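Me: I have a structure to go through with you. Let's take it in short questions and answers.

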Amino acid sequence: MVQILKIDNLSVAYGRNLALKEVNLGLEAGQLVGIIGPNGAGKSTLLKAMLGIVAYRGQVLVGGQPLAKVRNRVSYVPQKEEVRWDFPVTVWDVVMMGRYRRIGWVKFAAKIDREVVGAALEEVGMSKLRDRQISQLSGGQQQRVFMARALAQEGDIILLDEPLTGVDVASQEVILKLLTHLSQQGKLVLMATHDLNVAAEKCDMLCCINRGLVAFGKPAAVFQPEVLTRTYGGKVLMVNHNYASADRLANSSLDGQNGSGLTTMIID
Ligand code: ADP
Ligand code: MG
């Protein structure tokens with residue numbers, strides 16, 4: 001399999017605070033990859049480095065090309081807290097922003113752009129609210145709109161920072177279904193999450209982060225007491241998981257396993 005995203009020796013520092021140290025990672029297309037780790041572990045920082053919106057040392061290659069050359073192949077759904085929701089803009093406008101890198105600020109949106117935006121809104125179930133101000137939406141609806149914007153960008157790589165946090169259950173389901181679908185279509189979907197059940201059950205691969213890469217592997221390999229203890233610092237209670245992704249992955253050692261769907265708990 002070709003690695004669509006390759007990260008070599010990536011380090012990020014904020015002043016004297018070394019947020020990420022020497023991360024090496026190669027990710028294949030067609031997978032839903034979870035990034036897990038405690039608060040302040042560097043999950044958001046890793047995504048931002050992949051977008052080139054924080055300064056980093058090392059290299060990020062997309063399809064073998066330096067990031068700067070292929071930025072339009074990478075879509076991003078930021079953490080909810082980082083968006084100014086009081087900005088006076090409609091649902092339609094937000095999603096159309098996903099097209100600007102293609103059409104440029106000075107040109108007008110073409111029919112194809114309007115079609116792509118319309119289809120993206122349809123896909124996340126937000127067509128009816130297209131003229132609504134984003135400030136008037138619920139958290140789940142806002143997150144769906146940002147999902148639609150990422151879809152409208154038509155990137156090969158979709159990065160999402162905690163897309164399920166502060167979102168109602170129905171929207172969570174819509175978003176997760178869409179992310180699974182996109183990965184099955186051949187995109188690389190990379191999602192930071194603190195929902196370990198989702199990580200275990202929906203993701204094909206997991207990156208455990210704690211100021212560096214602690215582990216990278218399939219959920220069944222990562223959900224081991226030793227790995228989670230190193231990731232979260234000795235405060236983990238392990239119970240059995242139902243690895244749905246194992247069924248999707250050919251040759252998985254867990255094929256046919258009938259897990260009982262219990263939980264992993266992080267004890268602070
Ligand atoms: P996570 O997303 O896993 O919670 P972050 O990537 O947000 O972690 O943060 C990693 C570390 O970098 C933390 O120590 C955080 O305080 C620090 N940090 C993140 N963003 C900034 C910033 N803009 N300026 C200074 N320090 C930052
Ligand atoms: Mg974060």
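Reply: One term before we start: a polar contact is a pair of N or O atoms within 3.5 Å. Bear in mind that the model is predicted.

Me: Which residue among those around ligand 1 has a polar side-chain atom 2.8 Å from an oxygen atom of the ligand, K43 or another?
Reply: Start with K43: a polar atom of its side chain lies 2.8 Å from an oxygen atom of ligand 1. S44 also places a polar side-chain atom 2.8 Å from a ligand oxygen. The answer is K43 and S44.

Me: How far is the side chain of R211 from an oxygen atom of ligand 1?
Reply: R211 is one of the residues that surround ligand 1, a list including Y14, N17, P38 and T45. An N or O atom in the R211 side chain approaches a ligand oxygen, and the distance is 2.9 Å.

Me: Which helix lies across strand 1, strand 2 and strand 4?
Reply: These strands belong to an open antiparallel sheet of 4 strands, ordered 2-1-4-5. Its edges are strand 2 (17-28) and strand 5 (65-66). The helix spans residues 43-51 and runs at about 115 degrees to strand 1; it is helix 1.

Me: In strand 2, what is the bridge partner of L10?
Reply: Strand 1 (residues 3-14) pairs with strand 2 in the antiparallel sense, over 8 bridges. Within strand 2, the partner of L10 is V23.

Me: What is the strand order in the open sheet of 6 strands?
Reply: Pairing in this sheet is mixed. Strand 6 (74-77) and strand 10 (213-217) are the edges, each pairing on one side only. Neighbouring strands are turned by 15 degrees on average, direction ignored. The order is 6-7-8-3-9-10.

Me: Which helix packs on this sheet and touches strand 3, strand 9 and strand 10?
Reply: Helix 5 (residues 139-153) packs on the sheet too, but touches strand 6 and strand 7, with its direction at about 175 degrees to that of strand 6. The helix asked for covers residues 225-232, and its direction makes about 145 degrees with that of strand 10; it is helix 9.

Me: Which residue of strand 10 stands opposite I209?
Reply: Strand 9 (residues 205-209) and strand 10 run antiparallel, joined by 4 bridges. Opposite I209 stands L213.

Me: Which residue lies over the face of W92?
Reply: The structure holds 0 aromatic pairs. The W92 ring does have a residue over its face, at 4.2 Å from the ring centre: R130.

Conventions: Residues are numbered from 1 along each chain as its sequence is written. Chains are lettered from A and ligands numbered from 1 in the order in which they are written. This is a predicted model: local features need pLDDT of at least 70, side-chain atom pairs count only at pLDDT 80 or more; totals for chains, interfaces and linings use all residues. Side-chain values use heavy atoms; hydrogens and water are left out. Two strands pair if DSSP finds at least two bridges between them. Helices (H or I, at least four residues) and strands (E, at least two) are DSSP runs, numbered from the N terminus. Axes are lines fitted to C-alpha atoms, for helices over the stretch in contact, and angles run from 0 to 180 degrees between N-to-C directions. Contact means heavy atoms within 4.5 Å. Rings of Phe, Tyr and Trp (its six-membered ring) pair if their centres lie within 6.5 Å; planes under 30 degrees apart count as stacked, over 60 as edge-to-face and the rest as tilted. A charge sits over a ring if NZ of Lys or CZ of Arg is within 6 Å of the ring centre and within 35 degrees of the ring normal. A residue is near a molecule or strand if one of its heavy atoms lies within 4 Å of it. A polar contact is a pair of N or O atoms within 3.5 Å; within protein, one must be able to donate a hydrogen and the other to accept it, and residues adjacent in sequence count only if both atoms are side-chain atoms.
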